[in-house]
Every structure is written in structure tokens, then in C-alpha cells.
Amino acid sequence: MTETLLAQPEADDRAPAKRLFIKTYGCQMNVYDSERMADVLRPLGYATTDTAESADFVILNTCHIREKAAEKVYSELGKLREMKDKRAAAGAGSMTIAVAGCVAQAEGEEIMRRQPAVDLVVGPQAYHQLPELLTRTARARGERIGADFAPNAKFDALSAEGAAARGVDGPTAFLTVQEGCDKFCTFCVVPYTRGAEWSRPAADVLAEARGLAAKGVRELTLLGQNVNAYDGQAVSGEGVWSLAQLARALAEIPGIARIRYTTSHPNDMTEDLIAAHGDGPDRIDALMPYLHLPVQSGSDRILRLMNRKHGRQAYIDLIARIRAARPDLALSGDFIVGFPGETDRDFEDTLDLVRQVHYASAFSFMYSPRPGTPASGMGAQVPDAVARERLHRLQALLFEQQTAFNASQAGKVMNVLFEKKGRYGRQAIGRSPYLQSVHVEDADHLIGQIVPVEILDGQQNSLKGRLIGA
Ligand code: SAH
Ligand code: SF4
Ligand code: F3S
């Protein structure tokens, strides 16, 4: 053990950097985790690269949410195996292959069986073990699986690396504050792959946020599978903080100008969080007027079968209360069509709900049966062709709403946080308060800043604007 540890190169100037390639699938929590994996591997001499071919260490950070997402992993592994063999044959050194994320958690043993080229498998709560697992890759198969279920261990270890160790990429950053889910919607694998709901202590979140702000981050997106269920230990050590309390403390960090959070569950949308969006004394200015609040279906019957624990009208009423507090708040959502037993009538209810709510953007999916979930065993699975046709109709309506929302911004002046250079000339691309992409000419000197922009035009996927006075 000591020997293998000593064999690791130091991250000093002499050691040639080893190349790390991470491919990320799935949700934003995986994006955050991929960044943190790069952080824990950096002290071992690993620098990230853009292609798998040249990498010494390849990590696939995987998603298990739908069958397609999970199957992609196996085809990608097939390609990696060829690269690995070619490299070895050319005497160009070895390639270590790791599978991380939710597929690793759900089917670790099967991955090892189906693809022997995989050197190690590491579940979403075990990334802090990566350096150790890496040194064991030459050992027995069983030791190559890290699939603990203790998020506190993961975050403790990652925090010990120091918030300062976190690499940043531009003025926006993800910050995971909550993991796991206790809701057990009958279609969903997340409660099984990510474990029970768990919130990071507020002090740890604040420390990480201060580190990010010191590196120029202006906008934080707080992440959690049920982020509005946040109940992390209060800074005082006594009791817990709600998400609104956490956001209020984060908003006081110098440099942090914008706060977003995702994903929220309707049943965890508390009064204090709604008030934080509102105009009263509890308002948090930094909280952006945009909310991702999935409903999945507009049919009470299907919502019950999904075990969503809320009905259609409760969702519509909730949105009315949120909009009463903040009339210009933009909404986004997630929808599933073709859930087992969904009739034309149920689907019409979904379309009707969408017409009532008006979404600024939304994700919609065809139901995908997932092994081990209750819905996968339900009768009356909807034929693919029917589900596909419903998806097309739903998406046409959602795109229409999104385009209308974007077009309605023309003529307004809004604050844009410039994130990166655009494709042409001195163009820069930023985000509006409503998370729309805004393209502005001659603005590349403003990257990292929040600047008022006059919106000229809005299309389906972005807005065009100009600097005031330009
Ligand atoms: N915690 C979040 C997001 C979970 S996964 C929430 O509760 O909304 C993201 C989205 O994937 C879900 O909102 C759902 O719309 C979709 N999804 C989850 N399981 C699915 C399945 N089996 N088939 C199709 N879509 C699914
Ligand atoms: Fe999945 Fe439902 Fe939990 Fe969201 S709330 S992660 S859809 S089980
Ligand atoms: Fe996918 Fe896991 Fe996220 S299943 S959506 S990567 S929580």
C-alpha cells in the first residue's frame, strides 16, 4: 500500500502532467461532481484534456435516468476499449478507465462483467476515494468498486481538499447543497442511485461559496435533486436552515450577485422561499426570477400513479401564489409522456395544464421503464408510437410558449451577466435573469460583469441585445 502510494508522481514542475478526460452525462449535479473529481485528481498530477485518445485516465460520469442514457455508456466503453488496446499496442502507455455516477451505483457489477476494460467503478458518493481506488487498479476486481452511500464522507473529504482547490470556469458556478431523494416517484431511479435526502451544513456551503466568489464567480446555482427541501445544519450549529435562509446568507458574500437553485419539488416550496422571491421585507434581491418546478403530468390520475404526492390543482394554485409574490417570475418544468396507463384524456390534461401555466422553457421525455422501479412493473405500458406522437405535440406547444416568452422580451432593458465570447468578432454571450442566452456585439470586454442590455429580438433559443448607448 505504502509503495503504491509513493509511486504516485508529485504534482510538481518536473513531473509531466498526466492527462485526465472526463465525459459527463445527465444532470447538473453530475457536472458539479465532474469538476470536483478533477479537483481531487489535480494534486496527483492530472490536468484535464479535451479528448479521450490522449488521456491517461478516462472517467465516464454516467446517468441512469432513462434507458438511452444508460446504454450510451456501454457503447462509449466499447470505443474506449479500442483506444486503450491501440495505445498499449503502440507502447504509448496505459489508459485507466473509470465509470462514475448513477450507472456505476446502479449496475457496478454488471459494468465490470460487460466491459473488462473498465478498471474501476465509483458511485456518486465515493469520489473522494478516487485517488486511493486509482492506486488499486492493479488489484482484485472487488476492490475496484467504491459505492458507499455516505454523502457526508464525500463532502467532508472534498471540503478538506479546501474550497480554494476548486477550479472555476467563468463567472458562474454550480454548488451542490443537497443530495438524494426521499420522494420515490414510481418512475424514477434517483432515490436508488443517489440515496436518501441529505443537506450539507450551511457553514460548508458558505465556505465553498466564498472561495468561488474570491475567484470571480458572480452567480451561483445551488444544486440538489430536491434542492428546496434543503435543511442543512445552521451556521450556529444549532438547528437547521431552510433554502431561503441559506440563500440569504450566500447573497451577503461580496461578489455574489445572483443566486439560482434547481431542482425543486412542488411540495417543498415553502412560504419563506416564496417570500424570498417577493417584494416584501423578506425579499432576496440576488434571487433570480426563474424557477424550475417539474410537475411531470397534468392528470390527477397519472400523478397518483406516479406517487407525486400532489395533485394538478395544488400545482396550479402554488404557481398562482408564487406569481402573486413575483409577477415576472419565469417558470420551467419537466414532463413525462406515455407513463403506464396514460390515456388520450390524461394527455389532454397535461396539454391543458401547460396552456394554463405558460412555461418559459421545459424538458419533456418519453417514459422509459427503469429496472427496479415500481412503474416498470405496471400493466398498460403505452406503445412507443403513441408516446412519441404525444411527445411531439407537447413539445410543439412548449416550444411555442418558449418562443413567445423570448419574443416578449424585445424592447426591455435587463441585466445580463456576460459569461463567454461569442462566435463572431467581439460578440459576447451572457444570461438574462430568466436564464435566456443573450448575444451582444462588441461586448467581449465585459465578460464576468453584469451590465444592462437592451433586448432587440427574441428567438426560440436566445435573445439578441445591444449595450445601452451603443
Ligand atoms: N428531482 C427532480 C429531477 C429528477 S430527474 C424532480 O423531481 O423533478 C429529471 C427528470 O427526468 C424528471 O423530472 C423526469 O421528468 C425525468 N425522468 C425521470 N425518470 C424518468 C423515466 N423513467 N422516464 C422518463 N423520464 C424520466
Ligand atoms: Fe425522482 Fe421524484 Fe425524486 Fe424527482 S422527486 S428525483 S422525479 S423520485
Ligand atoms: Fe442522471 Fe443520476 Fe442525475 S440518474 S439525472 S445523473 S441524479
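These questions and answers walk through a predicted model.

Me: Which residues of helix 8 meet helix 9?
Reply: Look at the partner side to begin with. Helix 9 brings Leu246, Ala249 and Leu250 to the contact. Facing them from helix 8 are Ala202, Val205, Leu206 and Ala209.

Me: How many residues in the contact of helix 8 with helix 9 are nonpolar?
Reply: Sort the contact residues by class. No polar residue takes part, and no charged one. The nonpolar count is seven.

Me: Are helix 8 and helix 9 roughly parallel or roughly antiparallel to each other?
Reply: Two packed helices are described by the angle between their axes and the distance between the axes. Helix 8 covers residues 202-214 and helix 9 covers residues 243-251. Their axes lie 10 Å apart, at an angle of about 30°. Angles under 35 degrees count as roughly parallel. Helix 8 and helix 9 are therefore roughly parallel.

Me: Is the crossing of helix 3 and helix 4 left-handed or right-handed?
Reply: Helix 3 spans residues 67-89, and helix 4 spans residues 101-114. Their axes come within 12 Å and cross at roughly 35°. The crossing of helix 3 with helix 4 is right-handed.

Me: How many charged residues are in the contact of helix 3 with helix 4?
Reply: Helix 3 contributes Ala70, Glu71, Val73, Tyr74 and Leu77, while helix 4 contributes Val103, Glu107, Glu110, Ile111 and Arg114. Six of these contact residues are nonpolar and none is polar. The charged count is four.

Me: At what angle do the axes of helix 12 and helix 13 cross?
Reply: Helix 12 runs over residues 312-325. Its axis and that of helix 13 come within 11 Å. The pair is roughly parallel. The crossing angle is roughly 10°.

Me: Why is the pair of phenylalanine 335 and tyrosine 359 edge-to-face?
Reply: The model has six aromatic pairs. In this one, the ring centres are 5.3 Å apart and the planes stand at 90°. Planes over 60 degrees apart count as edge-to-face. At 90°, the pair of phenylalanine 335 and tyrosine 359 is therefore edge-to-face.

Me: How many residues apart are phenylalanine 335 and tyrosine 359?
Reply: Phenylalanine 335 sits in strand 13, residues 330-337. Tyrosine 359 sits in the loop between helix 13 and strand 14. The pair links distant parts of the chain, and its separation is 24 residues.

Me: How many polar residues surround ligand 2?
Reply: The shell includes Cys181, Phe184, Asn226, His265 and Arg308. Seven residues of the shell are nonpolar and two are charged. The polar count is two.

Me: Which residue around ligand 3 is charged?
Reply: Ligand 3 is surrounded by Cys27, Asn30, Thr62, Cys63, His64, Ile65, Cys102, Arg194 and Gln225. Four are nonpolar, four polar and one charged. Asp, Glu, Lys and Arg count as charged.

Me: Where is the cis peptide bond from threonine 262?
Reply: Most peptide bonds are trans. This one has omega near 0°. Threonine 263 is in the loop between strand 11 and helix 10. The cis bond runs from threonine 262 to threonine 263.

Terms used. Residues numbered from 1 in each chain as written. Chains lettered and ligands numbered in written order. Predicted model: local features only at pLDDT ≥ 70, side-chain atom pairs only at ≥ 80, totals over all residues. Heavy atoms only, no water. Near = heavy atom within 4 Å. Axes fitted to C-alpha atoms, helices over the stretch in contact; angles between N-to-C directions. Helix = DSSP H or I, 4+ residues; strand = E, 2+ residues; numbered from the N terminus. Parallel < 35°, antiparallel > 145°, perpendicular 65-115°, else oblique. Contact = heavy atoms within 4.5 Å. Phe/Tyr/Trp six-rings, centres within 6.5 Å; stacked < 30°, edge-to-face > 60°. Left-handed = near helix turned anticlockwise from the far one by under 90°.
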